[in-house]
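Okay, thanks for coming, everyone. Let me put the model up on the screen, and then I'll walk you through a few spots in it.

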Amino acid sequence: MNAIIENHLTTNVGAIHQNATQNVPPLLELKRLSKIFTTDAGQVHALSSVDLVLQRGETLGLVGESGCGKSTLARLIMALYPPSAGEILFDGKNIAQSDKAERLARHARLQMVFQDPFSSLNPRQSIGRTLEEPLIVHRRGDKVARKARVSWLLERVGLHLESAWRYPHEFSGGQRQRIGIARALALRPDLIVCDEAVSALDVSIRAQILNLLLDLRAAYGVAYLFISHDLAVVRHMSDRIAVMYLGKVVEQAPSENIWRAPLHPYTQALMSAIPSPHRKSILGNKKRIILQGDLPSPLNPPSGCRFQTRCPYAEARCRAEEPLLQAADKGHTVACHFAIG
């Protein structure tokens, strides 16, 4: 049974690489995506006209300060929130326009690993039942096949087979996160959204989980949207990186381009904030950039460039005119009036 599962997954990987050379739509595409929450205090502009593209088998890192809209973006993709404006295209189809059958099929291909490995698991369900439940909902195999699949999943994430009879409170944080990854992998998804999936773990456990995610990607061609505030982790995981500030994407580029030559002043400040032992090896002798002031409130975002209230290079144009993402190099875009000269 496990050999059959492995062969099926390997076949999926071959199809992914074959499709990459053909005229197929991106796996995930966000177009002018916006989300506004209405509260007693007013309207919170959580996301504003976000454009992103994620290809099959790719890892896109998403970074930014707390409150910039990263988790909101993840929940929109997972259809946990409806968008206020814009489109979310998964395999070329708008998520908002899907019927019930299409939504069910999409859920099998689009999974999420949550930040808290304990609260994301049902404390009243055994681990075996937790891993089997997606297979039951999506009618994958009979009881014998499902049990074999659960055993394979536990083995694949480095847990003993007897773990199937235990409950979440009997596991450590790292083990629970492995269970969350196993659950996300159960239906052989094309995309897994990782929302701060390792931020709550100890450093040694964090490395194990990251390496597990990389191994799964290499073996099965799964794509990741990897959301984190830890820049070193994002660099380790990502092919490309998108930087968010106050609900907008301000820079996108291949991972090494962001590290070697960040163009947006906000990205430069993030890079310079890396702890000093790592900063020197990456950025040389460049000085730390200390931003003045706090992140503005999304209830009343600044006019023009949203970073202008903290940017050391801001001029009158920045306060009057909002910069658009422009191509600076191959695959490198930035939203700054003065980054491209």
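Let's start with Ser49, which counts as partly exposed because its relative accessibility is 27%. For the cut-offs, buried is under 20% relative accessible area, exposed is over 50%, and partly exposed is in between, with a 1.4 Å probe and protein chains only. Ser49 isn't a glycine, yet its phi is positive, about 55°. You'll find Ser49 in strand β2, residues 42–54; strands here are DSSP runs of E, at least two residues, and helices are runs of H or I, at least four, both numbered from the N terminus.

Asp91 also has a positive phi of about 55° without being a glycine. Asp91 sits in the loop between β4 (85–90) and β5 (93–94), and with a relative accessible area of 26% it is partly exposed.

Quick housekeeping. This is a predicted model, so local features need pLDDT of at least 70 and side-chain atom pairs count only at pLDDT 80 or more, while totals for chains, interfaces and linings use all residues. Residues are numbered from 1 along each chain as its sequence is written, and side-chain values use heavy atoms, with hydrogens and water left out.

How confident is the predictor? Mean pLDDT, the per-residue confidence from 0 to 100, is 86 for the protein chain, and 89% of its residues reach 70 or more. Over residues 1–21, though, pLDDT is below 50, and this stretch has 24 contacts in the model beyond near neighbours in sequence. A contact means heavy atoms within 4.5 Å.

Now, strand β8, residues 223–227. Buried or exposed? 5 of its 5 residues are buried. Ala223, Leu225 and Ile227 point one way, Tyr224 and Phe226 the other.

Pairing needs at least two DSSP bridges between strands. β3 (residues 59–63) runs parallel to β8, with 4 bridges, and Leu60 stands opposite Leu225. β7 (residues 191–195) is also parallel to β8, joined by 5 bridges, and Ile192 has Tyr224 as its bridge partner.

Last stop, the largest nonpolar core, with 55 residues. By nonpolar core I mean buried Ala, Val, Leu, Ile, Met, Phe, Trp, Tyr and Cys residues joined through side-chain atoms within 4.5 Å. Among the members touching the most others are Phe226, Val243 and Tyr266. Helix α7, residues 203–220, gives the largest share, 6 residues. Apart from this core lies another, of 29 residues, including Leu52 and Cys68.

How values were computed
pLDDT = per-residue confidence, 0-100.
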